[in-house]
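Colleague: I'm new to this one, so could you take me through its aromatic rings and what sits around them?

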Amino acid sequence: MKCYHVDAFAEKVFEGNPAAVCVLDKYPSDALMQKIAGENNLSETAFAVKEGAGYHLRWFTPGGEIDLCGHATLGTAYVLFRFFEKDADSITFQTLSGALTVLKKGELLEMDFPAYELKQIPVTPAMEDAFGVKITEAWMGRDLLCVTENADAIPTLTPDQAKLMALDGLLQHITARGKEYDCVSRTFAPKLAVAEDPVCGSGHCHIVPLWAQKLGKEKLVARQASKRGGTLYCEMHGDRLSLAGTAVLYSIADLYVEEEN
């Protein structure tokens, strides 16, 4: 089995968010895909299977399958455009979150994603204790999204993983209005055995709708302020949004794995 290691939302290797991508004739068992994701120990391993004119796509974290992942979708599209669909300018994936289309626009790959509906919830001492910063607003979609006015603090935060685990939401995001960028953020996913997701596409399906509404604009440039860092070029389209970025190939490996009897 071929496994491609791609840095998504990156302009060069060692930036952005690494994802493993396996393009297959058919899916192996869920158990084997989970073991591969655990062995890769990246925030996501994507498995894509050709289906009609497009592909079926699934994403596994080391802690389990997830319903939406932006950077691994970007990484999978990069692999398909480069090695499998060289003449294509768009690829549509069937996923647990419905149909997702990726367009090739020069150097950028643009993804069409659903925006999460957000509900404002009370800020709690537990949130501030977990993140270690004053929080002014809290919102809930699939994930918990906390807002702080202290943008300068975001890159250096060292949240308590056990306390994050106790908070609601599948993932936990912290965001602020940016200076050089429209917004900055970081993403943590201890419930999925991922301490920090360096650049989170599905997280920006929470972050971008919030800042688009706050800033009164449809086009935003978002920065994930993790140690690796990554930039997303975003635009709202009603209840959906486009997320665009670049990707680079780090490695191609052969996986010597087989199903257990």
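Modeller: Let's start with Trp211: Lys214 lies over the face of its ring, 5.9 Å from the ring centre. A charge sits over a ring here if NZ of Lys or CZ of Arg is within 6 Å of the ring centre and within 35 degrees of the ring normal. Arg58 does this too, over the face of Tyr27, at 5.4 Å from the ring centre. Keep in mind that this is a predicted model: local features need pLDDT of at least 70, side-chain atom pairs count only at pLDDT 80 or more, and totals for chains, interfaces and linings use all residues. Residues are numbered from 1 along each chain as its sequence is written, and side-chain values use heavy atoms, with hydrogens and water left out.

Rings of Phe, Tyr and Trp (its six-membered ring) pair if their centres lie within 6.5 Å; planes under 30 degrees apart are stacked, over 60 edge-to-face, and the rest tilted. Tyr4 and Phe83 are tilted, because their planes make 35°, with the centres 5.2 Å apart. This pair links distant parts of the chain, since Tyr4 is in strand β1 (residues 2–8) and Phe83 is in helix α2 (residues 70–84), 79 residues apart. Helices (H or I, at least four residues) and strands (E, at least two) are DSSP runs, numbered from the N terminus.

Tyr4 counts as buried at 7% relative accessibility, while Phe83, at 30%, counts as partly exposed. Buried means under 20% relative accessible area, exposed over 50%, and partly exposed in between (1.4 Å probe, protein chains only). Tyr4 also pairs edge-to-face with Phe84, at 6.3 Å centre to centre and 75° between the planes. Together, Tyr4, Phe83 and Phe84 form one aromatic cluster.
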